[in-house]
Amino acid sequence: MYKNEVPVSFPEDFLWGGATAANQIEGAWNEDGKGMTIEDCLPYRNVGIANFTAQFAYSSKDLEEALKAGPEANYPKRHGIDFYHRYKEDIKLFAEMGFKIYRMSICWSRIFTDPEDEEPNEAGIAFYRSVFDECRKYGIEPLVTLSHYDPPLALVQRYRGWYSRKAVDLFMKYAKVCFERFGDQVKYWLTFNEVDAMLRHPITSGGLIEDMFTDVPFETAVYQAMHHQMIASALAVKMCREMWPESKIGCMMTKLLFYPFTPKPEDNLATQKRMRSIYRYVDIQVFGYYPKYLLKEMENKGIKLVIGPDDARILREGTVDFVSFSYYMTSCMAADTSGLDMAPGNTVNGVKNPYLPSSEWGWQTDAAGLRYSLVELYDRYRVPLFIVENGLGARDTVAEDGHIHDPYRADYLDEHVRAMSDAINIDGVDLMGYTWWGCIDLISESTRQMSKRYGFIYVDLDDEGNGSYERIRKDSFYRYRDVIASRGGVLNEE
Ligand code: BGP
């Protein structure tokens, strides 16, 4: 359990809140003009908590099955937690906790039924305008991710997802509508969720189906798709800045943290290499050019990108205002992991750390690692930071008394708040805010389970999609409310 070195305190304008993603909460997958996304085509798979390869493996045959699937098939993202119809009740609960900001994403396919349509889907625009109005009614600022793992299916089928440069043009048409139609309501934007994740699961953020690539090595296709997302991110930053100079637009990365498993120099080198791999694309979004080590990596892999004549200028002119990130757990790294105990993490597996506790999903909780990560990121980028995902996925149960007693979640929250406070008050980190991931129970991204619950609000729904969708405040709901109301001060009373 992390112990803070100085009393817990946060700036008055610190943005406390919660985070979700359209594909994991909205449901209404085919309502009011919404087009299909690749997430609507990912089935529930019971492949274990650490088998990310099996979870994210996807073929054209899987897609055929998804397109033929009837209502009895288990495609959890199709129903989500029915936020689409219940958002007013949910946002009211967020306001009861005292949220200052609510991180959510817009589903591209709700704004354009088909990404190549000339005109946007007005019903989709009306939905998000109503969501943003509901937030602002309670003084909650929306923090909006433009792309959170749900590329339009038509882009996947017609253009092989982000592999095609066409994706950039279509995405910019979508981004322009978002800035035009929501820019008066939304002051905080993010471009791509966990932009590095495409390298780990290209099917979600990139919409790449490996067996569609017979003309190019798949690894090359992934790096080319990453390049297109870098261009799109930079263009979106520039467009937002020109249209709404007062708004803030940032990137979003998966903040993983690996410790060398032993002091052996080779373990240290392996750890440095692994850590650089999570920075390579954020470096582009912050500094505006490809770092030498990434160019060398591609050269040594024989990967030659197709680069546009203006791409260097576009990247240079589209650097972000802040760096946001997800942080859940830490792992260890060894040059040779044979015979070592491994532990799963956020779509990664690492060597198990014998000094850290593990969640039921094997993720190793490490609040000190959050403080370390904040210092590391601030030292590297020297721009404001924003923690837009942090939370504990756990198996909650409704007790006899009808309540959900989740002290483990409150403990996780408390120690990460203590760690953030020290990073601000001792290490001098400029931290804009904190949005707890899964402020309401939702569909897990890596396991597509409901039973992996993150929320301060319980949703009566199971892994098979059965339930009343009733919302119930958990004990941790009141804990977070008190933490926000006291700006962390309640932690000094213990
Ligand atoms: C991050 C995603 C979120 C969320 C989170 C929790 O990778 O940005 O969408 O899913 O992980 O992970 P999981 O849902 O796999 O438990």
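Met275, Tyr279, Val282, Asp283, Val286 and Phe287 of helix H11 meet Glu376, Leu377, Arg380 and Tyr381 of helix H14; contact means heavy atoms within 4.5 Å. By class, this H11 contact with H14 has 7 nonpolar, no polar and 3 charged residues. Ala, Val, Leu, Ile, Met, Phe, Trp, Tyr, Cys and Pro count as nonpolar, Asp, Glu, Lys and Arg as charged, and the others, Gly among them, as polar.

The model is predicted: local features need pLDDT of at least 70, side-chain atom pairs count only at pLDDT 80 or more, and totals for chains, interfaces and linings use all residues. Residues are numbered from 1 along each chain as its sequence is written, and side-chain values use heavy atoms, with hydrogens and water left out.

**Helix packing**

Helices (H or I, at least four residues) are DSSP runs, numbered from the N terminus. Axes are lines fitted to C-alpha atoms over the stretch in contact, and angles run from 0 to 180 degrees between N-to-C directions.

| Helix pair | Angle | Axis distance |
|---|---|---|
| H11 (residues 265-287) and H14 | roughly 45° | within 11 Å |
| H14 (residues 367-381) and H15 | about 30° | 8 Å |
| H15 (residues 407-425) and H16 (residues 475-485) | about 20° | 9 Å |

H11 and H14 are therefore oblique to each other. H14 and H15 are therefore roughly parallel. H15 is roughly parallel to H16. Angles under 35 degrees count as roughly parallel, over 145 as roughly antiparallel, 65 to 115 as roughly perpendicular and the rest as oblique.

H11 passes H14 in a right-handed crossing. The crossing of H14 and H15 is right-handed. H15 also passes H16 in a right-handed crossing. Right-handed means that the near helix is turned clockwise from the far one by less than a right angle, left-handed that the turn is anticlockwise.

From H14, Ala367, Leu370, Arg371 and Leu374 meet Glu415, His416, Ala419, Met420, Asp422 and Ala423 of H15. The residues there divide into 6 nonpolar, 1 polar and 3 charged.

**Ligand site**

The ligand is surrounded by 15 residues, each with a heavy atom within 4 Å of it. The closest are Gln24, Glu194, Ser446, Lys452 and Tyr454. Polar contacts are pairs of N or O atoms within 3.5 Å; within protein, one must be able to donate a hydrogen and the other to accept it, and residues adjacent in sequence count only if both atoms are side-chain atoms.

A side-chain N or O atom of Ser446 is 2.4 Å from a ligand oxygen. For Glu389, the side-chain N or O atom is 2.7 Å from an oxygen atom of the ligand. A polar side-chain atom of Asn346 lies 3.2 Å from a ligand oxygen.

Note on methods:
Helices (H or I, at least four residues) and strands (E, at least two) are DSSP runs, numbered from the N terminus.
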